[in-house]
Amino acid sequence: MSENTNIESILTENRSFAPPATFVADAGINSEQQYQELWQHAKDDPAGFWGEMAENLSWFKRWDTVMDGEMPNTKWFTGGKINVSYNCLDRHLETERRNKAAIIWEGEPGDTRVIRYQDLHREVCKFANVLKNMGVETGDRVTIYMPMIPELVFAMLACARIGAVHSIIFGGFSADAVADRNNDAEAKVVITADGGWRRGKEIPLKAAVDASLEKSPTVEKVIVVKRTGGDIDMVPDRDFWWHDLMQDASAECDAVELDSEHPLFILYTSGSTGKPKGVLHTSAGYLLGTMMTTQWVFDLKENDTYWCTADIGWVTGHSYICYGPLANGASVVMYEGAPNWPDEGRFWELIEKYQVSVFYTAPTAIRAFIKWGNQWPEKYDLSSLRVLGTVGEPINPEAWMWYHQIIGQERCPIVDTWWQTETGGIMISPLPGVTPTKPGSCAKPLPGVVPEIVSESGEALGPNEGGLLVMAQPWPHMLRTLYGDHDRFIETYFSTIEGRYFAGDGARLDQDGYIWVMGRVDDVINVSGHRLSTMEVESALVAHPKVAEAAVVGFPHEIKGEGICCFVSLKEDEHSEELQAELIKHVREQIGALATPDQIRFSAALPKTRSGKIMRRLLRDIAAGRESTQDTSTLEDYTILAKLREEDD
Ligand code: WTA
């Protein structure tokens, strides 16, 4: 499937699927009119609307002002005192939820744990005391680099409980990436595990932390969960076992009363430069946004069994495994490992086993399922499913139809949710009991979200004209800053279009008011739903002693959505397969396995314009095997272009 045919199929897509009548009958929001009223109310009077919504949270002290100041520096619920962990835990204990399963966990090897709300509260309180005993204070930063085990959620909520700011790093990042993030956040403590399981192999997390600490001087202590039992080094007075520390910890720990705008977490994400950005989210607004969007988008019911397959190392896991569902008192399935371990039926087996009713995954996973074949889902009973979701990248209509027919059995509404690390929570999505869905479209904005599609000069565009996707109004769960770099925050998101939030996507609005996101318009690529900056990979490549110059572009990839193609010119002419393999390994070491290049192409020099800019569009066309339509008259050196073409043949 080439990018062209994909975009074409999205452009010509005209199927539409109304929510089934039986679903509508039970849905929380179940008429177009109800949605319209909510949306209009939130647009006309955002402070009134979000103030009403905030009644759903537990406050130590009520806010004075709902919306304080203009975008981009809007503060929310100022004057209020709140605690996110209290809202995810303590308030449920006063209800019949106290014995409800909060986390239904399954490890990759098949070990299981069910953690009730009461258990979760106890473990979080104990670990919060452990952190305090380690000297962690309100406002301190804590790095979390863990596999998908319950202790990861305990650690997040324990930080939230005492007002420490967590910075979670996905386990697929390398030691160098961990060091960079430790340093940027000036983390005091790192929480990790000996390792985690992935396709039967151990991911050596502690070893990576050890290597990272050689370059991260701010880190004083490391707390290690024993997960795999693998061989690791423990440094005396620096490294401590989780289970030792927990043994003596008290289970009494009051949630600290924090300002609404107290920082909750930093999450690093890729932007268009080489240096990852520390997206900062705060307490009340983020909590409210994730809580309400979980209710609206998944039509969450008290007895749902909810499973989001993301890793908590990404924002989807933060907002829709941990904070959103737990604030709603939901039962959340959490799975440690790979979808194809021990076989390709693992996800469907889990759905049958735990009677999952809400299932939220990524298009890249769906494309892999399609490739693995229908025999896997067909072996299992999927009749417990009610709602299906996708997130992370545009879904091609063919993958959408497969999800609808084979997994949803034409019974389950699909919510294609558009949002970003920066937006904190879902922004644009169908409502399952309201919106007729069109395969490939994320449909309409949620209440409180006011998107526009504009030209590069900021003018509104007509139906079906492609442009930039921007937000005209602030929302409570938007990022507040880039950690330590407010100027970059303003520059990145608020300087492209006057008075608007812009985070890099192109989109169009169809004649029915449906939004179709076409993908990034900056140098960010989306590899298996993971955001990666091409510049990040370029800086990794040029850090190799043999590389003179590198240009990295995405190309259409059948499973990953986009693959990584690297054009490399060397200091000396020594092209070889060994060097290709070495460069691939080098990038993995610098960034992590998720940035593994799919192709390394050597080239004597890179094509540049007269002013010295690398001609990326041309390289993208070459990587995709497309004939370039671009005018090449500004090419500095035609022979370079010709040479690249030859290598392509
Ligand atoms: C893309 C993930 C099309 C988009 C939650 C965005 C999507 C980037 C969708 C954010 C969707 C996410 N349809 N594209 N439903 N959801 N994207 O920060 O390009 O990892 O800018 O957040 O993913 O990626 P991030």
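1. First, the ground rules. Residues are numbered from 1 along each chain as its sequence is written. Because this is a predicted model, local features need pLDDT of at least 70 and side-chain atom pairs count only at pLDDT 80 or more, while totals for chains, interfaces and linings use all residues, and side-chain values use heavy atoms, with hydrogens and water left out.

2. Now the confidence. The protein chain has an average pLDDT (the predictor's confidence in each residue, from 0 to 100) of 94, and 95% of the residues score at least 70. Residues 1–5 fall below 50, with nine contacts (heavy atoms within 4.5 Å) beyond near neighbours in sequence. Residues 631–636 are also below 50, with 15 such contacts. For the complex, the predictor gives an ipTM of 1.00 and a pTM of 0.94.

3. Look next at the ligand.

4. An N or O atom in the side chain of Q420 is 2.9 Å from an oxygen atom of the ligand. Backbone N or O atoms of G392 and P394 lie 3.1 Å and 3.4 Å from a nitrogen atom of the ligand. The protein covers 96% of the 530 Å² of accessible area (Shrake-Rupley method, 1.4 Å probe) that the ligand has on its own.

Methods:
A polar contact is a pair of N or O atoms within 3.5 Å; within protein, one must be able to donate a hydrogen and the other to accept it, and residues adjacent in sequence count only if both atoms are side-chain atoms.
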